[in-house]
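Here are a few notes to read alongside the model. Have a look at it first, then go through the points below.

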Amino acid sequence: MPEYEAVIGLETHIQLNTTTKIFCGCKADSWFDPPNTNICPVCTGLPGVLPVLNRAVVEKAVLLAAAMHAEIRPVSYFDRKNYFYPDLPKGYQISQFDQSIGKGGYLDLPIPAASAADKQAYTRRVSITKLHMEEDAGKTKNAGGRRFVDFNRCGVPLIEMVTGPDLRSADEAAQYLIRLRQLLRWLGVSEADMEKGHLRCDANVSIRLKGETGLNPKTEIKNVNSIDAVREAIEKEIARQIHETEAGRKIEAWTLEWDEDAGVLRKMRSKETEADYRYFREPDLLAVRLDDAWKQAILRDLPELPLERRARFVAQYGLPEYDADILTAERSLSDYYEAAVKAYGGDPKKVSNWLMNDVLRMLNDAGLKAEDLKLTPAHLAELLKLVDSGKINITTGKALLGKVQESGKSPAAIVEAEGLGLVSDDSAIRAVVEEVLAESPAEVASYKGGKLTLMGWFVGQVMRKMRGKADPNLARQILEELLQ
Amino acid sequence: MSLTLEEVEHIASLARLELTAEEKERYRQQLSAILDYARRLQEVDTTGIPPTSSVLPARSRLREDRVEPSLTPAELLRNAPHAEKDQFRVPPVIE
């Protein structure tokens, strides 16, 4: 069998996390609200109303366009996309067509070794062919043979972003979505929760012989709403296309729907005619003009991007890629890490270990973000210094994490108040050692008779009596002295 | 410039209009006349002039991202031909 490669492009719809809708003051997020409660004459298409553009939508679109290395048009326009559907009360969707806010762009996608066919990590450049603002449509729902319409989602701001046919496997498509989701949250432009429809994805899939450069007829996969589902649906579609091609059949330009429960693709009714949306400039809105002052003000909020920070963590702190990847998975965690490294001043890898082993578990268990922790980066640094200086041992240190988080008090204050510090007071330990020796005449005798391995047992007894707070080295010295 | 009957039928179907044979012919003539009139603009030499979307020099007014009161479901549904459970009820759609 000849070797095939997949050619995949992803079309994503990103729900921006603005407070209100794109063209009216209705609340944008209706996830927890009953039907038709966040609606007004504008978003339900009543006659005689005019849309007014939400400033925050433009700002978030500009941030995303900049992060995707897209050219940002100083003048862009809204257009009407005309079609009839019950979820679209105006009979048209206000979208952008030929002069959208973003032009071009790309994402350099790191493909980890585990996702690569030959287990070698590499970078895939994914081009962006479309990046525009638009309004969402409402929701229709079938129940008991009837169809109901809820307009809450009408006018919720979306960015439609489409990639070129640049992805070459289902794993690459999944990686693209993982990195896109990370970026959207990092920028603070979308919650990017696929289950809640904040990030929706359609996939265009075709195959060709490896080495060919042309494009073959593609199918479009719709209704995939998790990253695992995207990967699985694309894998199945690639296998189907190879099977069909090998059997001498042609691939037809079908639209396929992913059935999540059954894990299969179903052919949707194909359209008789190509959709004719009769786009024209939206006459109710003027041009969106982005002057330099506004653009610069927006871009001042453009943070260092996750993949850049990941590379910098490797270079600057000497972290393994694995650590850098986890620590930059989310922006507030990476900010936390850097603040802790600065406050600590010691080995950055040690800070990473504590974060990845203990603090992350704490975050996951409590469902918190790093920025929400009462255990501040300064606290963590102080705690590490207490361990380094021998004031507390590692076990106490780990237990302290939870205590600081609960109380918000500094580690040193808690150590002081609860007497958690290692006892390095010679006389206190000496008293306990004497007690232990007095209680264990048999062991003392056999130690003196040459069974020197009992030293460990003696130290253990001392530590137990002192509830682990004795400096073990000092205890050993005193034991050796008194057992001579 | 003359529109064909097929073009009129296509335009009518895009607008979900059902036309009689007499209307199709009448609209064919009227729409053709409108297009012919507009065609005169094509005679103007526009070389070097950028496309104009609006003659208004103004920019789009922008709204601050603050919540304004919404309608109640009852208000919204007052003119609905069919409503149920605070939602519009529509005929099932066959794709």
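1. Start with chain B: α1(B) and α2(B) are roughly perpendicular to each other, a label that covers angles of 65 to 115 degrees. Helix α1 (residues 5–14) of chain B packs against helix α2 (residues 21–39) of chain B at about 100°, their axes 9 Å apart. Here helices are DSSP runs of H or I with at least four residues, and axes are lines fitted to C-alpha atoms over the stretch in contact, with angles from 0 to 180 degrees between N-to-C directions.

2. Who touches whom? From α1(B), B:Leu5, B:Val8 and B:Glu9 meet B:Lys24, B:Glu25, B:Tyr27 and B:Arg28 of α2(B) (contact: heavy atoms within 4.5 Å).

3. Over to chain A, which splits into domain 1 (4–297), domain 2 (306–418) and domain 3 (426–482), with bounds from an automatic or database domain assignment.

4. Domain 1 and domain 2 of chain A bury about 770 Å² between them, 62% of it on carbon and sulfur atoms (accessible area, 1.4 Å probe, lost on being put together, summed over both). On the domain 1 side, A:Arg179, A:Gln182 and A:Trp186 lose the most area, together 76% of what that side buries.

5. A:Arg179 also forms a side-chain salt bridge with A:Asp325 (3.0 Å, N to O); the rule asks for a Lys or Arg side-chain nitrogen within 4 Å of an Asp or Glu carboxyl oxygen.

6. Housekeeping: this is a predicted model, where local features need pLDDT of at least 70, side-chain atom pairs count only at pLDDT 80 or more, and totals for chains, interfaces and linings use all residues. Residues are numbered from 1 along each chain as its sequence is written, chains are lettered from A and ligands numbered from 1 in the order written, and side-chain values use heavy atoms, leaving out hydrogens and water.

Notes. Helices (H or I, at least four residues) and strands (E, at least two) are DSSP runs, numbered from the N terminus. Angles under 35 degrees count as roughly parallel, over 145 as roughly antiparallel, 65 to 115 as roughly perpendicular and the rest as oblique. Buried area is the accessible area (1.4 Å probe) that two parts lose on being put together, summed over both.
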